[in-house]
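Trainee: I'd like to learn how to read an interface and some ring pairs. Can you walk me through them?

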Amino acid sequence: MQSKVHVRTAINGEPAEFLCEPRQSLLECLRDLCNLTGTKEGCNDGNCGACTVEMDGRIVTSCLVLGVEAEGAQIGTVEGLARGTELHPLQKAFLENAALQCGICTPGFLVAAKALLEQEPEPSEARIRLWLANNLCRCTGYDKIIRAVQQAAREMKEARP
Amino acid sequence: MQAFEYANPMTVKDAVALLGASWTDANVLAGGTDQLSLMKDYIHTPKRLVNIKNIKELAGIRKAGGNLRIGATVTLDELIDNREVRMAFPSLVSAARGVGSPQIKNMGTVGGDLCQRPRCWYFRNGFGLLAQKNGRSLVDDGQNEFHAIFSQGPAKFVSASSLAPALAALGATVTIAGPNGTRSVDVASFFVAPSSDQQREVDLKPNEIVTQVLVPMSGAKNASYEVRLKDGLDWPYAAAAVALRMKGSTVESARVVLGHVGPTPVVAEGAASALAGKSITEEVAAQAGESAVQGAHPLSGNAYKVQLAKTAVKRALMEAVKRA
(Lines give C-alpha, C1' and ligand atoms only; values in the text may rest on other atoms or scores of the structure.)
Protein backbone atom coordinates (compact mmCIF):
# COMPACT_ATOMS: atom_id res chain seq x y z
CA MET A 1 0.00 0.00 0.00
CA GLN A 2 1.19 3.47 -0.76
CA SER A 3 1.97 5.86 2.05
CA LYS A 4 0.39 9.20 2.69
CA VAL A 5 -0.13 11.70 -0.10
CA HIS A 6 0.84 15.38 0.10
CA VAL A 7 -2.14 17.42 -1.12
CA ARG A 8 -1.85 21.10 -2.06
CA THR A 9 -5.14 22.91 -2.29
CA ALA A 10 -6.81 26.23 -1.42
CA ILE A 11 -9.43 26.52 1.30
CA ASN A 12 -11.55 29.67 1.53
CA GLY A 13 -9.09 31.49 -0.71
CA GLU A 14 -6.00 30.60 1.34
CA PRO A 15 -3.37 28.10 0.19
CA ALA A 16 -3.54 24.95 2.29
CA GLU A 17 -1.80 21.59 2.35
CA PHE A 18 -2.22 18.35 4.19
CA LEU A 19 -0.86 14.82 4.30
CA CYS A 20 -3.59 12.19 3.98
CA GLU A 21 -4.22 8.56 3.24
CA PRO A 22 -5.90 8.00 -0.15
CA ARG A 23 -8.95 6.54 1.60
CA GLN A 24 -9.58 9.64 3.73
CA SER A 25 -12.53 11.69 2.53
CA LEU A 26 -12.25 15.42 1.95
CA LEU A 27 -14.62 15.76 4.92
CA GLU A 28 -12.16 13.92 7.19
CA CYS A 29 -9.24 15.94 5.83
CA LEU A 30 -11.01 19.25 6.45
CA ARG A 31 -12.07 18.33 9.98
CA ASP A 32 -9.21 16.18 11.27
CA LEU A 33 -6.20 17.46 9.33
CA CYS A 34 -7.06 21.12 8.70
CA ASN A 35 -8.99 21.69 11.97
CA LEU A 36 -11.89 23.17 10.00
CA THR A 37 -14.62 21.53 12.04
CA GLY A 38 -17.44 23.72 10.72
CA THR A 39 -18.19 21.11 8.06
CA LYS A 40 -20.17 18.33 9.71
CA GLU A 41 -20.40 14.59 9.27
CA GLY A 42 -23.97 13.33 9.15
CA CYS A 43 -24.68 10.14 7.22
CA ASN A 44 -21.18 9.91 5.65
CA ASP A 45 -22.88 8.47 2.55
CA GLY A 46 -24.03 11.42 0.43
CA ASN A 47 -27.64 11.44 1.57
CA CYS A 48 -27.84 14.14 4.23
CA GLY A 49 -25.80 17.05 2.84
CA ALA A 50 -24.36 18.08 6.24
CA CYS A 51 -20.85 17.89 4.75
CA THR A 52 -21.66 20.11 1.74
CA VAL A 53 -18.72 22.28 0.64
CA GLU A 54 -17.88 24.17 -2.52
CA MET A 55 -15.28 22.62 -4.82
CA ASP A 56 -14.21 24.71 -7.81
CA GLY A 57 -17.38 26.74 -7.54
CA ARG A 58 -19.82 23.83 -7.31
CA ILE A 59 -21.34 22.27 -4.23
CA VAL A 60 -20.41 18.68 -3.45
CA THR A 61 -20.90 16.33 -0.51
CA SER A 62 -17.36 16.18 0.89
CA CYS A 63 -17.90 12.69 2.34
CA LEU A 64 -18.01 11.38 -1.26
CA VAL A 65 -14.87 13.22 -2.38
CA LEU A 66 -11.42 11.92 -1.51
CA GLY A 67 -8.98 14.30 0.12
CA VAL A 68 -6.49 13.49 -2.65
CA GLU A 69 -8.98 14.83 -5.21
CA ALA A 70 -8.63 18.29 -3.65
CA GLU A 71 -5.16 18.63 -5.20
CA GLY A 72 -5.16 21.97 -7.08
CA ALA A 73 -8.82 22.65 -6.29
CA GLN A 74 -10.51 25.64 -4.66
CA ILE A 75 -12.49 24.51 -1.62
CA GLY A 76 -15.06 26.70 0.13
CA THR A 77 -16.38 25.80 3.60
CA VAL A 78 -18.78 27.44 6.05
CA GLU A 79 -15.76 29.09 7.71
CA GLY A 80 -15.41 31.21 4.57
CA LEU A 81 -18.89 32.77 4.73
CA ALA A 82 -18.40 35.50 7.35
CA ARG A 83 -16.12 38.48 6.65
CA GLY A 84 -14.20 38.88 9.89
CA THR A 85 -16.87 39.34 12.56
CA GLU A 86 -19.53 40.32 9.98
CA LEU A 87 -21.82 37.34 9.37
CA HIS A 88 -23.02 36.46 5.88
CA PRO A 89 -26.66 37.57 5.24
CA LEU A 90 -27.63 33.88 5.21
CA GLN A 91 -26.05 33.30 8.62
CA LYS A 92 -27.87 36.36 10.05
CA ALA A 93 -31.16 35.24 8.53
CA PHE A 94 -30.75 31.72 9.95
CA LEU A 95 -30.23 33.20 13.44
CA GLU A 96 -33.12 35.66 13.13
CA ASN A 97 -35.52 32.98 11.86
CA ALA A 98 -34.41 30.33 14.37
CA ALA A 99 -33.64 28.16 11.34
CA LEU A 100 -31.56 25.78 13.41
CA GLN A 101 -31.78 23.82 16.61
CA CYS A 102 -29.02 21.26 17.03
CA GLY A 103 -27.02 22.89 14.25
CA ILE A 104 -25.42 19.81 12.70
CA CYS A 105 -27.11 20.37 9.33
CA THR A 106 -26.63 24.15 9.35
CA PRO A 107 -23.18 24.48 7.71
CA GLY A 108 -24.35 22.29 4.82
CA PHE A 109 -27.54 24.31 4.38
CA LEU A 110 -25.59 27.59 4.46
CA VAL A 111 -23.04 26.50 1.86
CA ALA A 112 -25.75 25.02 -0.39
CA ALA A 113 -28.04 28.05 -0.06
CA LYS A 114 -25.16 30.44 -0.77
CA ALA A 115 -24.45 28.60 -4.03
CA LEU A 116 -28.13 28.90 -5.01
CA LEU A 117 -28.34 32.64 -4.31
CA GLU A 118 -25.14 33.32 -6.24
CA GLN A 119 -26.57 31.51 -9.22
CA GLU A 120 -30.22 32.59 -8.87
CA PRO A 121 -30.62 35.72 -6.71
CA GLU A 122 -34.44 35.49 -6.60
CA PRO A 123 -35.42 31.82 -6.39
CA SER A 124 -39.03 30.80 -5.80
CA GLU A 125 -39.96 28.86 -2.68
CA ALA A 126 -40.34 25.69 -4.76
CA ARG A 127 -36.91 26.25 -6.27
CA ILE A 128 -35.32 26.70 -2.83
CA ARG A 129 -36.98 23.53 -1.56
CA LEU A 130 -35.83 21.50 -4.57
CA TRP A 131 -32.29 22.92 -4.40
CA LEU A 132 -32.03 21.97 -0.73
CA ALA A 133 -33.50 18.48 -1.27
CA ASN A 134 -30.12 16.86 -0.58
CA ASN A 135 -29.81 18.66 2.79
CA LEU A 136 -31.67 17.02 5.64
CA CYS A 137 -32.72 18.70 8.90
CA ARG A 138 -34.37 16.61 11.60
CA CYS A 139 -35.14 19.54 13.95
CA THR A 140 -36.78 22.47 12.21
CA GLY A 141 -39.23 20.96 9.74
CA TYR A 142 -37.63 23.09 6.99
CA ASP A 143 -40.12 26.01 6.99
CA LYS A 144 -37.83 28.23 9.03
CA ILE A 145 -34.87 27.35 6.83
CA ILE A 146 -36.82 28.25 3.69
CA ARG A 147 -37.95 31.55 5.27
CA ALA A 148 -34.36 32.34 6.23
CA VAL A 149 -33.13 31.75 2.67
CA GLN A 150 -35.94 33.94 1.31
CA GLN A 151 -35.08 36.71 3.80
CA ALA A 152 -31.38 36.52 2.91
CA ALA A 153 -32.27 36.70 -0.80
CA ARG A 154 -34.30 39.88 -0.19
CA GLU A 155 -31.56 41.47 1.91
CA MET A 156 -28.82 40.60 -0.56
CA LYS A 157 -30.94 42.10 -3.35
CA GLU A 158 -31.42 45.35 -1.39
CA ALA A 159 -27.71 45.53 -0.61
CA ARG A 160 -26.77 45.37 -4.30
CA PRO A 161 -26.06 48.75 -5.90
CA MET B 1 -13.08 1.83 3.90
CA GLN B 2 -10.33 -0.63 3.01
CA ALA B 3 -6.99 1.05 2.23
CA PHE B 4 -6.09 1.28 -1.46
CA GLU B 5 -3.49 2.72 -3.77
CA TYR B 6 -4.57 5.90 -5.55
CA ALA B 7 -3.68 6.53 -9.20
CA ASN B 8 -4.28 9.71 -11.13
CA PRO B 9 -3.47 9.03 -14.81
CA MET B 10 -3.65 11.69 -17.53
CA THR B 11 -4.41 9.42 -20.50
CA VAL B 12 -6.90 6.63 -21.22
CA LYS B 13 -3.99 4.36 -22.17
CA ASP B 14 -2.33 4.86 -18.78
CA ALA B 15 -5.65 4.43 -16.99
CA VAL B 16 -6.38 1.11 -18.72
CA ALA B 17 -2.85 -0.11 -17.89
CA LEU B 18 -3.53 0.63 -14.20
CA LEU B 19 -6.63 -1.58 -14.16
CA GLY B 20 -6.45 -5.31 -13.56
CA ALA B 21 -7.91 -8.68 -14.47
CA SER B 22 -10.37 -8.74 -11.56
CA TRP B 23 -12.74 -6.24 -9.95
CA THR B 24 -10.75 -6.45 -6.71
CA ASP B 25 -7.50 -5.44 -8.46
CA ALA B 26 -8.67 -1.97 -9.39
CA ASN B 27 -11.78 0.17 -9.82
CA VAL B 28 -12.40 3.42 -11.67
CA LEU B 29 -13.20 6.63 -9.78
CA ALA B 30 -15.14 9.37 -11.58
CA GLY B 31 -17.88 11.27 -9.69
CA GLY B 32 -17.45 8.93 -6.74
CA THR B 33 -21.08 9.22 -5.66
CA ASP B 34 -21.66 5.48 -6.03
CA GLN B 35 -18.11 4.06 -6.05
CA LEU B 36 -17.02 5.59 -2.72
CA SER B 37 -20.33 4.66 -1.16
CA LEU B 38 -19.83 1.02 -2.27
CA MET B 39 -16.29 1.08 -0.88
CA LYS B 40 -17.47 2.43 2.48
CA ASP B 41 -19.88 -0.51 2.66
CA TYR B 42 -17.15 -3.01 1.60
CA ILE B 43 -19.25 -4.03 -1.43
CA HIS B 44 -16.33 -2.90 -3.62
CA THR B 45 -12.87 -3.55 -2.18
CA PRO B 46 -10.35 -2.60 -4.88
CA LYS B 47 -6.62 -2.64 -4.17
CA ARG B 48 -6.23 0.36 -6.46
CA LEU B 49 -8.51 3.25 -7.35
CA VAL B 50 -7.94 4.93 -10.73
CA ASN B 51 -9.20 8.50 -10.89
CA ILE B 52 -10.18 9.27 -14.49
CA LYS B 53 -11.40 12.83 -13.91
CA ASN B 54 -8.11 14.41 -14.92
CA ILE B 55 -8.04 12.70 -18.31
CA LYS B 56 -8.78 15.49 -20.80
CA GLU B 57 -9.94 13.19 -23.62
CA LEU B 58 -12.83 11.96 -21.43
CA ALA B 59 -14.25 15.45 -20.92
CA GLY B 60 -16.55 17.65 -22.95
CA ILE B 61 -19.48 17.51 -25.36
CA ARG B 62 -19.05 18.13 -29.10
CA LYS B 63 -20.50 17.28 -32.48
CA ALA B 64 -18.67 14.40 -34.17
CA GLY B 65 -19.95 13.43 -37.60
CA GLY B 66 -23.67 12.83 -37.28
CA ASN B 67 -23.39 12.27 -33.53
CA LEU B 68 -23.20 14.29 -30.39
CA ARG B 69 -20.20 12.95 -28.51
CA ILE B 70 -20.58 13.10 -24.73
CA GLY B 71 -17.40 12.38 -22.75
CA ALA B 72 -17.64 9.87 -19.91
CA THR B 73 -16.64 12.39 -17.24
CA VAL B 74 -19.17 15.05 -18.29
CA THR B 75 -21.20 15.75 -15.14
CA LEU B 76 -24.99 15.57 -15.11
CA ASP B 77 -25.02 19.32 -14.48
CA GLU B 78 -22.85 19.98 -17.55
CA LEU B 79 -25.15 17.74 -19.59
CA ILE B 80 -28.24 19.67 -18.48
CA ASP B 81 -26.58 23.03 -19.24
CA ASN B 82 -25.26 22.07 -22.68
CA ARG B 83 -26.90 23.94 -25.57
CA GLU B 84 -26.66 21.12 -28.13
CA VAL B 85 -28.08 18.60 -25.68
CA ARG B 86 -30.95 20.93 -24.80
CA MET B 87 -31.81 21.53 -28.45
CA ALA B 88 -31.61 17.94 -29.70
CA PHE B 89 -32.24 15.69 -26.69
CA PRO B 90 -34.87 16.98 -24.25
CA SER B 91 -35.29 13.37 -23.09
CA LEU B 92 -31.71 13.35 -21.78
CA VAL B 93 -32.09 16.72 -20.08
CA SER B 94 -35.25 15.62 -18.34
CA ALA B 95 -33.72 12.29 -17.27
CA ALA B 96 -30.64 14.05 -15.85
CA ARG B 97 -32.82 16.63 -14.07
CA GLY B 98 -34.61 13.75 -12.36
CA VAL B 99 -31.44 13.22 -10.29
CA GLY B 100 -32.82 15.84 -7.95
CA SER B 101 -29.80 16.79 -5.87
CA PRO B 102 -27.55 19.64 -7.03
CA GLN B 103 -24.63 18.03 -5.19
CA ILE B 104 -25.06 14.70 -7.01
CA LYS B 105 -25.59 16.45 -10.37
CA ASN B 106 -22.35 18.38 -9.85
CA MET B 107 -20.39 15.25 -8.95
CA GLY B 108 -22.07 12.43 -10.87
CA THR B 109 -20.91 11.73 -14.43
CA VAL B 110 -22.50 10.33 -17.58
CA GLY B 111 -20.22 7.27 -17.52
CA GLY B 112 -20.92 6.81 -13.83
CA ASP B 113 -24.66 7.02 -14.34
CA LEU B 114 -24.40 4.10 -16.76
CA CYS B 115 -22.01 2.07 -14.57
CA GLN B 116 -23.61 2.72 -11.16
CA ARG B 117 -24.55 -0.48 -9.35
CA PRO B 118 -28.17 -1.49 -8.65
CA ARG B 119 -29.89 -0.04 -5.60
CA CYS B 120 -31.38 -3.43 -4.62
CA TRP B 121 -31.13 -3.42 -0.84
CA TYR B 122 -30.13 -7.08 -0.72
CA PHE B 123 -27.19 -6.32 -3.00
CA ARG B 124 -26.27 -3.23 -0.96
CA ASN B 125 -26.33 -5.31 2.21
CA GLY B 126 -23.91 -7.92 0.93
CA PHE B 127 -26.24 -10.64 -0.39
CA GLY B 128 -24.85 -10.35 -3.93
CA LEU B 129 -26.33 -9.19 -7.20
CA LEU B 130 -28.85 -12.04 -7.37
CA ALA B 131 -29.77 -11.75 -3.68
CA GLN B 132 -29.81 -15.48 -3.06
CA LYS B 133 -29.47 -17.45 0.17
CA ASN B 134 -29.04 -21.24 0.00
CA GLY B 135 -29.96 -21.10 -3.68
CA ARG B 136 -33.26 -19.29 -3.04
CA SER B 137 -34.09 -15.74 -4.05
CA LEU B 138 -34.49 -13.42 -1.07
CA VAL B 139 -36.37 -11.06 -3.38
CA ASP B 140 -39.26 -13.41 -4.22
CA ASP B 141 -40.51 -13.73 -0.66
CA GLY B 142 -38.97 -10.55 0.70
CA GLN B 143 -39.25 -6.79 0.34
CA ASN B 144 -39.60 -6.43 -3.40
CA GLU B 145 -41.72 -3.33 -3.93
CA PHE B 146 -38.90 -1.55 -5.81
CA HIS B 147 -37.71 -4.60 -7.75
CA ALA B 148 -38.28 -5.76 -11.32
CA ILE B 149 -41.58 -6.44 -13.02
CA PHE B 150 -39.54 -7.71 -15.97
CA SER B 151 -37.18 -10.16 -14.22
CA GLN B 152 -34.66 -11.92 -16.45
CA GLY B 153 -33.89 -15.33 -15.03
CA PRO B 154 -32.57 -14.96 -11.49
CA ALA B 155 -31.92 -11.19 -11.92
CA LYS B 156 -34.70 -9.33 -10.12
CA PHE B 157 -32.99 -6.02 -9.33
CA VAL B 158 -33.65 -2.97 -11.49
CA SER B 159 -31.08 -1.05 -13.50
CA ALA B 160 -30.46 2.20 -11.61
CA SER B 161 -29.32 4.32 -14.56
CA SER B 162 -31.33 7.47 -15.14
CA LEU B 163 -29.86 8.17 -18.58
CA ALA B 164 -29.89 4.66 -20.06
CA PRO B 165 -33.58 4.54 -21.14
CA ALA B 166 -33.26 7.89 -22.95
CA LEU B 167 -29.91 6.95 -24.52
CA ALA B 168 -31.22 3.53 -25.60
CA ALA B 169 -34.32 5.10 -27.17
CA LEU B 170 -32.10 7.56 -29.06
CA GLY B 171 -30.00 4.68 -30.42
CA ALA B 172 -26.83 5.83 -28.65
CA THR B 173 -23.66 3.75 -28.42
CA VAL B 174 -21.08 3.45 -25.64
CA THR B 175 -17.38 3.48 -26.50
CA ILE B 176 -15.23 1.29 -24.27
CA ALA B 177 -11.44 1.33 -24.05
CA GLY B 178 -9.51 -1.76 -23.00
CA PRO B 179 -6.01 -3.22 -23.33
CA ASN B 180 -6.67 -4.20 -26.97
CA GLY B 181 -8.06 -0.87 -28.11
CA THR B 182 -11.62 0.39 -28.23
CA ARG B 183 -14.95 -1.23 -28.95
CA SER B 184 -18.44 0.11 -29.37
CA VAL B 185 -21.71 -1.26 -27.93
CA ASP B 186 -25.32 -0.08 -28.28
CA VAL B 187 -26.53 1.36 -24.99
CA ALA B 188 -29.42 -1.12 -25.10
CA SER B 189 -27.00 -4.08 -25.22
CA PHE B 190 -24.46 -2.56 -22.82
CA PHE B 191 -26.84 -3.66 -20.05
CA VAL B 192 -27.00 -7.42 -19.49
CA ALA B 193 -28.92 -9.51 -16.97
CA PRO B 194 -26.38 -11.56 -14.99
CA SER B 195 -27.03 -15.26 -14.41
CA SER B 196 -24.52 -15.53 -11.56
CA ASP B 197 -23.21 -13.30 -8.76
CA GLN B 198 -19.80 -13.31 -10.43
CA GLN B 199 -21.14 -11.47 -13.46
CA ARG B 200 -21.85 -7.78 -13.80
CA GLU B 201 -25.01 -6.06 -15.01
CA VAL B 202 -23.09 -4.21 -17.73
CA ASP B 203 -20.92 -5.40 -20.61
CA LEU B 204 -17.68 -4.13 -19.13
CA LYS B 205 -14.58 -6.04 -18.08
CA PRO B 206 -12.53 -5.11 -15.01
CA ASN B 207 -9.79 -3.70 -17.27
CA GLU B 208 -12.08 -1.57 -19.42
CA ILE B 209 -13.26 2.04 -19.16
CA VAL B 210 -16.32 3.71 -20.67
CA THR B 211 -14.85 6.65 -22.57
CA GLN B 212 -17.81 8.31 -24.29
CA VAL B 213 -21.39 8.05 -25.45
CA LEU B 214 -22.27 8.79 -29.08
CA VAL B 215 -25.84 9.97 -29.62
CA PRO B 216 -27.04 10.08 -33.25
CA MET B 217 -28.44 13.50 -34.18
CA SER B 218 -31.28 11.96 -36.13
CA GLY B 219 -33.86 14.66 -35.53
CA ALA B 220 -36.14 12.19 -33.76
CA LYS B 221 -38.65 13.76 -31.41
CA ASN B 222 -37.82 12.54 -27.94
CA ALA B 223 -38.96 12.77 -24.36
CA SER B 224 -38.71 10.87 -21.12
CA TYR B 225 -40.96 10.68 -18.10
CA GLU B 226 -40.22 9.42 -14.61
CA VAL B 227 -42.82 8.42 -12.04
CA ARG B 228 -41.33 9.25 -8.67
CA LEU B 229 -42.39 9.73 -5.07
CA LYS B 230 -40.68 13.09 -4.74
CA ASP B 231 -38.74 15.57 -6.84
CA GLY B 232 -35.76 15.46 -4.51
CA LEU B 233 -32.92 13.00 -4.28
CA ASP B 234 -34.20 9.52 -5.13
CA TRP B 235 -34.52 7.02 -7.95
CA PRO B 236 -37.81 6.79 -9.85
CA TYR B 237 -40.27 3.90 -9.45
CA ALA B 238 -40.66 3.60 -13.20
CA ALA B 239 -39.59 5.61 -16.23
CA ALA B 240 -40.10 5.63 -19.97
CA ALA B 241 -38.17 7.24 -22.80
CA VAL B 242 -39.37 7.56 -26.37
CA ALA B 243 -37.81 8.62 -29.68
CA LEU B 244 -40.07 9.12 -32.69
CA ARG B 245 -39.08 9.49 -36.30
CA MET B 246 -41.97 11.50 -37.78
CA LYS B 247 -43.35 12.12 -41.24
CA GLY B 248 -45.57 15.13 -40.75
CA SER B 249 -47.78 14.21 -37.84
CA THR B 250 -47.44 10.45 -38.47
CA VAL B 251 -44.97 8.23 -36.65
CA GLU B 252 -42.69 6.56 -39.17
CA SER B 253 -40.82 4.53 -36.58
CA ALA B 254 -40.58 4.62 -32.81
CA ARG B 255 -38.41 3.41 -29.98
CA VAL B 256 -39.88 3.01 -26.52
CA VAL B 257 -37.68 2.04 -23.57
CA LEU B 258 -38.75 1.45 -19.97
CA GLY B 259 -36.47 2.19 -17.04
CA HIS B 260 -36.33 0.96 -13.41
CA VAL B 261 -38.62 -2.00 -14.13
CA GLY B 262 -36.02 -4.63 -15.09
CA PRO B 263 -32.35 -5.53 -14.59
CA THR B 264 -31.69 -3.77 -17.91
CA PRO B 265 -33.55 -0.96 -19.64
CA VAL B 266 -36.51 -2.73 -21.26
CA VAL B 267 -36.91 -2.09 -24.99
CA ALA B 268 -40.66 -2.26 -25.65
CA GLU B 269 -40.84 -3.46 -29.21
CA GLY B 270 -44.57 -4.13 -29.07
CA ALA B 271 -45.24 -0.54 -28.14
CA ALA B 272 -42.95 0.69 -30.91
CA SER B 273 -44.74 -1.31 -33.61
CA ALA B 274 -48.14 -0.26 -32.23
CA LEU B 275 -47.12 3.35 -32.88
CA ALA B 276 -45.84 3.01 -36.45
CA GLY B 277 -48.06 4.70 -39.00
CA LYS B 278 -50.19 6.44 -36.39
CA SER B 279 -50.59 9.99 -35.18
CA ILE B 280 -50.04 10.34 -31.47
CA THR B 281 -53.29 10.98 -29.64
CA GLU B 282 -53.96 10.36 -25.97
CA GLU B 283 -55.69 7.11 -26.93
CA VAL B 284 -52.82 5.90 -29.13
CA ALA B 285 -50.34 6.81 -26.39
CA ALA B 286 -52.36 4.88 -23.81
CA GLN B 287 -52.47 1.85 -26.12
CA ALA B 288 -48.70 2.01 -26.49
CA GLY B 289 -48.48 2.00 -22.69
CA GLU B 290 -50.61 -1.15 -22.59
CA SER B 291 -48.40 -2.83 -25.22
CA ALA B 292 -45.24 -1.83 -23.33
CA VAL B 293 -46.21 -3.80 -20.22
CA GLN B 294 -47.25 -6.97 -22.06
CA GLY B 295 -45.12 -9.74 -20.60
CA ALA B 296 -44.61 -8.04 -17.23
CA HIS B 297 -44.51 -10.45 -14.29
CA PRO B 298 -44.74 -8.48 -11.08
CA LEU B 299 -43.37 -9.91 -7.82
CA SER B 300 -45.46 -10.21 -4.65
CA GLY B 301 -45.22 -6.52 -3.76
CA ASN B 302 -44.78 -4.51 -6.95
CA ALA B 303 -47.81 -4.99 -9.20
CA TYR B 304 -48.37 -1.24 -8.83
CA LYS B 305 -45.35 -0.68 -11.07
CA VAL B 306 -47.22 -2.06 -14.08
CA GLN B 307 -49.64 0.86 -13.97
CA LEU B 308 -46.79 3.33 -13.40
CA ALA B 309 -44.88 2.01 -16.42
CA LYS B 310 -47.98 2.35 -18.64
CA THR B 311 -48.49 5.90 -17.45
CA ALA B 312 -44.83 6.76 -17.98
CA VAL B 313 -45.02 5.61 -21.63
CA LYS B 314 -48.21 7.56 -22.25
CA ARG B 315 -46.87 10.76 -20.70
CA ALA B 316 -43.50 10.51 -22.45
CA LEU B 317 -45.29 10.14 -25.81
CA MET B 318 -47.59 13.10 -25.16
CA GLU B 319 -44.57 15.16 -24.10
CA ALA B 320 -42.62 14.21 -27.23
CA VAL B 321 -45.34 15.39 -29.63
CA LYS B 322 -46.15 18.49 -27.60
CA ARG B 323 -42.88 19.97 -28.80
CA ALA B 324 -42.89 21.74 -32.16
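Trainee: How many residues of chain B are in contact with chain A?

Mentor: Contact means heavy atoms within 4.5 Å. Here 29 residues of chain B touch 26 residues of chain A. Keep in mind that this is a predicted model, where local features need pLDDT of at least 70 and side-chain atom pairs count only at pLDDT 80 or more, while totals for chains, interfaces and linings use all residues. Residues are numbered from 1 along each chain as its sequence is written, chains are lettered from A in the order in which they are written, and side-chain values use heavy atoms, with hydrogens and water left out.

Trainee: What is the area buried between chain B and chain A?

Mentor: The size of an interface is often given as the accessible area lost when the parts come together. The convention here is a 1.4 Å probe, with the loss summed over both parts. That gives about 2200 Å², with 60% coming from carbon and sulfur atoms. On the chain B side, B:Tyr6, B:Lys40 and B:Gln103 supply 26% of the area that chain B buries against chain A, more than any other three residues.

Trainee: And how many salt bridges does the rule find across the interface?

Mentor: The rule wants a side-chain nitrogen of Lys or Arg within 4 Å of a carboxyl oxygen of Asp or Glu. It finds two between chain B and chain A. A:Glu69 bridges to B:Lys53, with the closest N and O atoms 2.5 Å apart.

Trainee: Which element of chain B gives the most to the side that touches chain A?

Mentor: Helices (H or I, at least four residues) and strands (E, at least two) are DSSP runs, numbered from the N terminus. Helix 6 of chain B gives the most, with five residues.

Trainee: How is an aromatic pair such as A:Phe109 and A:Tyr142 described?

Mentor: You give the distance of the centres and the angle of the planes. Rings of Phe, Tyr and Trp (its six-membered ring) pair if their centres lie within 6.5 Å; planes under 30 degrees apart are stacked, over 60 edge-to-face, and the rest tilted. A:Phe109 and A:Tyr142 are tilted, at 6.4 Å centre to centre and 55 degrees between the planes. A:Phe109 lies in helix 3 of chain A and A:Tyr142 in the loop between helix 4 and helix 5 of chain A, so the pair ties together parts 33 residues apart in sequence.

Trainee: Is A:Phe109 buried or exposed?

Mentor: Buried means under 20% relative accessible area, exposed over 50%, partly exposed in between (1.4 Å probe, protein chains only). A:Phe109 is buried at 1%, whereas A:Tyr142 is partly exposed at 22%.

Key: Buried area is the accessible area (1.4 Å probe) that two parts lose on being put together, summed over both.
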